[in-house]
Amino acid sequence: MEQEFNVDRDLEIPELLPVIPTRDLAVFPFIIVPLSIGRDTSVTAVDAALAGNRLLVLVGQRDPSQEDPGNDDLHRIGTVATIMRMLKLPDGRMRILVQGVSRCSVEYYTLDKPYREAKLLLLGDLDQDAEGLEEQALMRNVKSLLERSASMGRPISSEVLVIANSMENPGRLADLVSSNIDLKMHESQAILEELNPNRRLKLVNEFLSRELTLLEMQQQINSQARGEMDRTQRDFYLRQQLKVIQAELGEVNELQEEISAYRAKIEKMEIGEEALTEIEKQLKRLENMHPDTAETGLIRTYLDWMTDLPWGKYSKDSLNLQRTRRILDEDHFGLDDIKERILEFLSVRKLNPKTKNPILCFVGPPGVGKTSLGRSIARALGRQFVRLSLGGVRDEAEVRGHRKTYVGALPGRIVQGIAQAKTMNPVFVMDEVDKIGQDFRGDPSAALLEVLDPEQNDHFRDHYLGVPFDLSKVMFILTANSLDTIQPAFRDRMEIVELSSYTMQEKLQIAVRHIVPKQIKEHGLSKSHVTFQRDALRALIEQYTREAGLRNMQREIGKVCRKVARKVAEGEGESFRIRKSNLKSYLGVIKNFPDKRLKKPRVGVVVGLAWTPVGGEILIVEASQMNGTGRLTLTGQLGDVMKESAQIALSLLRSRAKTYKIDHELFKTADIHVHFPEGAIPKDGPSAGITVATALLSILTGREVRCEIAMTGELTLRGEVLAIGGLKEKVLAAVRAGISEIIIPRMNEPDLEEIPEEIRAKVRFHTVRDVAEVLKLAVLPKDSTGI
C-alpha cells in the first residue's frame with residue numbers, strides 16, 4: 001500500500017517528535033531522501049508520525065553495526081523531516097520518502113518504547129556579516145568543482161547543477177552539495193553539526209576537492225590501463241583499476257590477505273628449516289607478482305600443498321597390547337604369525353619409542369585378507385589408514401611427483417596419501433606391488449626403494465615439493481600375490497610375511513564369525529530371518545567356490561541373502577533355514593566338482609601337486625609311448641622351466657637305465673609324449689620334476705603307479721630332490737582330492753609345522769632326498785622283484 005502526502009511549507013514543528021536512528025546516512029534540510037525502515041521501533045515511529053503531523057527526527061548512529069542502539073549511541077544533532085510518501089512492503093518493512101525541514105538538537109528522550117520520542121531544540125544557521133569576497137569566491141569554487149565532478153563521470157543530475165548555480169545561500173549550497181557526493185558517515189555528521197554557513201561550506205569544499213582528486217586519479221588510471229591492455233584483457237584491466245585504487249587508499253587487497261593466511265598457517269606448523277625457507281621464497285615471489293599471471297596460479301597451488309601437509313602432526317599409538325590383540329582377533333580369524341609380529345612391534349615401541357617402523361610385505365593368494373589386515377592394524381594402533389594401489393603403475397612420477405614447472409604438476413601419490421591422512425604416521429598400505437610396470441617414463445619400483453628404506457626415507461624428496469619430507473614414522477605395509485616379479489633390491493627392503501590359503505575349517509570359522517553376520521546385516525535381514533547350517537556352508541565352499549581366499553564364498557553367501565531378502569519382502573515367510581539339501585534352490589547348479597584321485601593304479605599316470613595364485617591344485621601327468629625316433633613331446637601349455645624339468649627327468653632315466661631295467665633301444669626307437677591336462681591353463685615351475693620322472697619310468701618299464709599317492713619336488717641331473725614352495729596349498733589340494741600319502745623333499749620337512757594339525761592327521765608324508773626313494777615309494781613292482 002502506497003500513500004503520498006502534500007508537504008506543508010509553513011509547518012509548525014512541535015517540541016516532541018518520534019525519532020528514527022539512521023545507520024550510515026545523514027539527511028540535510030530541504031533534501032529529499034528515500035529510506036528503508038525495518039526495525040520494529042522505527043516502523044512504530046513512522047506510524048506515530050503518520051497518525052500526527054507526519055514529522056519525525058532522523059538521528060545518525062555512532063556505530064552503524066549496532067542493531068538496537070541505546071540513547072547514548074546516537075548523535076545529539078539530527079534533522080527534522082516530513083514524510084512525503086510511504087510504501088508498506090509484504091514482509092512488514094516500509095519504504096518512505098522524506099524531506100529535511102530543519103536541523104535540531106535532541107535535549108532528552110521522553111519515550112523509549114514502543115518507539116523513541118525526544119524533546120527537541122530547533123537549530124538555524126548562525127547570523128553572519130554581509131556577504132564578503134571570500135564567501136563569494138568559496139561559493140564559486142564549490143559550484144565549479146561540482147560541475148567538474150559531473151563532467152568527469154560523477155553521477156550528478158543536471159537539475160542539481162542548475163539549482164546549485166542559482167543558489168546564493170552558502171549554508172543551503174553546502175547542504176545540497178554534501179548530499180550529492182560520497183561522504184563517510186562521520187564526515188556527513190560533521191557538516192550537519194556545523195551551524196556556521198561559511199565554515200560548513202569550507203568543509204564541503206575540502207571534501208569536494210578530495211573527491212575531484214580521486215576522480216582525476218581514476219581517469220589517469222583508466223588512460224594508463226587502456227594504453228597497456230587491449231580489448232581481450234578487459235577483466236585484467238578492471239582488476240588493475242581496483243589494485244591501484246586500493247593502493248592509493250591504503251587498503252589490503254585480496255592477494256595480501258591470501259599471503260597473510262599462508263603465513264598464519266605456517267606459524268602453527270612444525271616445518272623443517274629447508275621447507276620453511278622454500279615456502280618463504282615462494283611467498284616473496286607471490287608478493288611481487290601480479291595476481292592474474294599464470295605463474296601466480298602455479299605458486300598458489302604449490303603453497304596450498306605445502307601448507308596442507310600435516311607437518312609435525314602425529315597420532316598417538318595405542319600401546320595396550322591386550323586391546324590390540326582383541327581388535328586383531330575380532331577382525332581376522334587365525335593369522336597368528338602376523339598378529340604376533342604386530343604385538344612384537346608394539347612391545348618394542350613401548351620400550352623404545354624411537355624405534356623405526358617395519359616395512360612389512362604380505363604375500364598370498366587373492367582374498368586371504370591382506371588389505372583388510374592392514375586396515376585392522378591401523379585400527380588397533382589408533383592410526384589413520386591410507387591405501388594406494390600400485391597395480392599397472394608405470395610412471396615414476398606417480399611415486400616421486402612431477403616437477404612443479406610442468407603444467408598440471410602434482411605431488412606423488414605417497415605425499416598425496418599423507419596429506420589425505422592428515423598425520424605423519426599413518427598405516428600406509430600399497431597394494432599389488434608385484435604388478436608394477438615400467439616403461440620409458442621410468443621404473444616406479446626403483447623410485448620406491450628410497451620410500452621403503454628406513455635409513456633414507458626420513459629425507460624423502462618429492463620432485464614437486466623439492467624439500468625433504470619425513471616418511472620414517474609411516475608404517476608401510478605392502479601386498480603381493482607373488483614374489484617372482486618383484487625386483488631383488490626392492491624385495492630386500494621388505495620383511496616378507498606369507499599368508500597361505502585357508503583350510504576348510506578356517507573358512508567355516510570365518511564364515512560363521514564374520515561373513516554370514518556381515519552379509520545378513522548388509523541385506524537388511526536379521527538372525528531370525530535366515531540361519532545357515534554348517535553342512536550348508538561346507539557344501540557352499542566345496543561345490544560353489546574354488547579359491548584360496550574368501551571372496552567367492554562371500555559373494556555366494558550374499559547371493560543366498562539376496563534371495564532370502566526378496567522372499568521376506570514379498571511376504572513368503574519370516575524365517576528361512578539354509579541346509580545342504582536346499583542350497584541348490586538358492587545357488588543353482590553345482591559349479592565346482594572336487595578333484596578326485598585316481599581310482600586304480602595306471603601305467604604312465606601320476607598325480608602331481610601344483611601351486612597357483614589362487615591356491616593349490618592336483619596335477620595329473622600322463623605319459624604314453626609309441627614307435628618313433630626317441631623324440632620327447634610335451635603338451636599342456638608348459639613354460640620353459642617345466643619343459644627343462646621334463647628333459648632333466650628323461651636324461652636322468654637314460655643315465656640310470658641299467659639300474660631301472662630300461663631297454664636302451666627304446667630311447668632310439670620309441671617316441672614319448674608327456675601331457676599335462678587342462679591344456680588351456682599355462683603351467684610352469686620346477687616342482688613337477690619328480691612327477692615327470694615317475695611317469696616316464698612307469699611308461700618305459702610298463703609298471704603301474706600307486707593311485708593314492710601324490711608328489712612334488714624339483715629334480716636335478718644327479719637325482720637329488722630339491723625344496724619347493726607353496727607346500728601348504730599343495731597339501732590342502734591333495735586332501736580335497738582324497739589323497740592319503742604325499743611325497744615331499746626332505747628339505748621341506750620343517751614346513752610341515754605350518755600345516756594345521758587336523759590336516760596332517762589325514763595325510764601320511766614321505767620325505768625324500770633322492771629320486772630313487774620316490775620311485776620306490778610310488779611305482780609298483782612288475783613282479784615280486786623291487787627296484
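# Exercises on a predicted model

Both Tyr302 and Tyr464 are buried (buried: under 20% relative accessible area; exposed: over 50%; partly exposed: in between; 1.4 Å probe, protein chains only). This is a predicted model, where local features need pLDDT of at least 70, side-chain atom pairs count only at pLDDT 80 or more, and totals for chains, interfaces and linings use all residues. Residues are numbered from 1 along each chain as its sequence is written, and side-chain values use heavy atoms, with hydrogens and water left out.

## Exercise 1: aromatic pairs

Task: find how many aromatic pairs there are, then describe the pair of Tyr302 and Tyr464 and the pair of Trp311 and Phe469.

Solution. 

1. Apply the rule. Rings of Phe, Tyr and Trp (its six-membered ring) pair if their centres lie within 6.5 Å; planes under 30 degrees apart are stacked, over 60 edge-to-face, and the rest tilted.
2. Count. The rule gives three aromatic pairs.
3. Take Tyr302 and Tyr464. Their centres are 5.7 Å apart and their planes make 55°, a tilted pair.
4. Helices (H or I, at least four residues) and strands (E, at least two) are DSSP runs, numbered from the N terminus.
5. Take Trp311 and Phe469. The centres lie 5.2 Å apart and the planes stand at 75°, so this pair is edge-to-face.
6. Trp311 sits in the loop between α10 and α11 (321–331) and Phe469 in strand β12, so to speak distant parts of the chain, 158 residues apart.
7. Check burial. Trp311 has 7% relative accessibility and counts as buried. Phe469 is buried at 0%.

## Exercise 2: the sheet around β13

Task: work out the strand order of the open sheet of five strands, and say which strands are at the edges.

Solution. 

1. Start at β13 (residues 475–480). Strand β8 (residues 360–363) runs parallel to β13 and is joined to it by four bridges.
2. Cys361 has Leu478 as its bridge partner in β13. Val363 stands opposite Ala480.
3. Turn to β10 (residues 427–431). Four bridges join β10 to β13, again in parallel. Here Phe428 faces Phe476.
4. Write the order: β9-β10-β13-β8-β14, with parallel pairing.
5. Name the edges. They are β9 (385–389) and β14 (495–498), each pairing on one side only.
6. Neighbouring strands are turned by 20° against each other on average, direction ignored.
7. Axes are lines fitted to C-alpha atoms, for helices over the stretch in contact, and angles run from 0 to 180 degrees between N-to-C directions.

## Exercise 3: burial of β13

Task: explain why strand β13 is largely enclosed.

Solution. 

1. Sort the side chains. Met475, Ile477 and Thr479 point one way; Phe476, Leu478 and Ala480 point the other way.
2. Check each group. All of these residues are buried.
3. Conclude. Six of the six residues of β13 are buried, so the rest of the structure largely encloses the strand.

## Exercise 4: backbone exceptions

Solution. 

1. Most residues other than glycine have a negative phi, and most peptide bonds are trans.
2. Look at Lys113 to Pro114. The bond is cis, with omega near 0°. Pro114 lies in the loop between β6 (94–111) and β7 (116–123).
3. Look at Lys422. Phi is positive, about 65°, though Lys422 is not a glycine. The residue is in the loop between α15 (413–421) and β10, and is exposed at 58% relative accessible area.
4. Look at Glu432. Phi is positive here too, about 60°. Glu432 is in the loop between β10 and α16 (444–451), and counts as partly exposed at 26%.

## Exercise 5: Thr79

Task: where does Thr79 lie, and which backbone oxygen does its side chain reach?

Solution. 

1. Locate Thr79. It is in strand β5 (residues 77–88).
2. Check burial. At 1% relative accessibility, Thr79 is buried.
3. Find the polar partner. The side chain reaches the backbone oxygen of Val27 at 2.4 Å. A polar contact is a pair of N or O atoms within 3.5 Å; within protein, one must be able to donate a hydrogen and the other to accept it, and residues adjacent in sequence count only if both atoms are side-chain atoms.

How values were computed:
Pairing = 2+ DSSP bridges.
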